[in-house]
Amino acid sequence: MVFAAGLGTRLKPLTDTMPKALVPVGGKPLLEHVLEKLIKAGYDSIVVNVHHFPDQIIRFLDSRDWGAEILVSDEREALLETGGGVRHARGFLEGTGSFLIHNVDILSNLDLDWFRLMQWPGSFATLAVSERETQRYLLFDSNMRLVGWTNTATGEVRSPYGQIVPEHYRKYAFSGIHILSDGAFKVMENLPERFPIMDFYLEQCAQLRIYGVVPRNFRMVDVGKIQTLSEADSFLENFQI
């Protein structure tokens, strides 16, 4: 599943007239880069959620034969955030066993075949994480099981285990790429219509096995702001995504 429904407010004024998914980088829309990466890795059925300028994305998806089934999860009536977006696509994703989720604004050199093989046995979710410098980190125990989250700028800590000390755990930045069991839909049934997937992971990590995987030589760029567009162009010139 590709998360492509966001408003892209940090990419204004470009997103005043187009969805973030269609913002061009390296001569192609962001969505095209991600779809090509997924298809190259062997994914032959891909769900794309839409909300902001949804018809533009649908026209783009219909404009060619991708060599894979592209399904649209339509959220034009209400933006459901990432967790709600996954649940809204239940009809497409349930029955798959597990499925990969990829943010549309993430470009990386992650080997998706390798990542698929690196799922922990019996895991509920596997998150691609890295030592990238940021303010918000996921916290993992010595076995790389998720235990919480911290914002190093504010000192905020969130964990179902109570008042944990971030310094006692491994800190990694989330990449926006993860694999989720389709058993998640039953767990999500009583949640609000709109919720972030990371809130869901943090609430469930004490009961369910949610792990992090750190790829070697991992490089990525989050194309979330106007300032990162030139960085993204340079990234595409130097790395095979």
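Mentor: In this predicted model, a pocket is an open set of grid points where a 1.4 Å probe fits, with protein on both sides within 12 Å along at least five of seven lines, and its lining residues have an atom within 4 Å of a point.

Trainee: Which residues of the second largest pocket lie nearest its centre?

Mentor: The second largest pocket has a volume of about 270 Å³, and β4, α4 (90-93) and β6 (98-103) each supply at least two residues of its lining. The lining counts 16 residues, and those nearest the centre are Tyr-43, Ser-45, Ser-98, Phe-99 and Leu-100.

Trainee: Which element gives the largest share of the lining of the largest pocket?

Mentor: The largest pocket holds about 1400 Å³ of space and is lined by 42 residues. The largest share, five residues, comes from β12.

Trainee: Why do the buried residues of α2 line one face of the helix?

Mentor: In α2 (residues 54-62), the buried residues are Pro-54, Ile-57, Phe-60 and Leu-61. Seen down the axis of α2, these residues line one face because they fall within an arc of 125 degrees.

Trainee: Is Asn-151 buried or exposed?

Mentor: Asn-151 lies in strand β10 (residues 146-151), and it touches Gln-135, Arg-136 and Glu-156, leaving aside residues up to four places away in sequence. Since buried means under 20% relative accessible area, and Asn-151 has 8%, Asn-151 is buried.

Notes:
Residues numbered from 1 in each chain as written. Predicted model: local features only at pLDDT ≥ 70, side-chain atom pairs only at ≥ 80, totals over all residues. Heavy atoms only, no water. Helix = DSSP H or I, 4+ residues; strand = E, 2+ residues; numbered from the N terminus. Buried < 20%, exposed > 50% of the residue type's maximum accessible area, 1.4 Å probe, protein only. Contact = heavy atoms within 4.5 Å. Arc of directions from axis to C-beta. 1 Å grid on protein atoms, 1.4 Å probe; cavity = no way out; pocket = protein on both sides within 12 Å on 5 of 7 lines; lining within 4 Å. Points joined across faces, edges and corners; volume = space filled by probe spheres on them.
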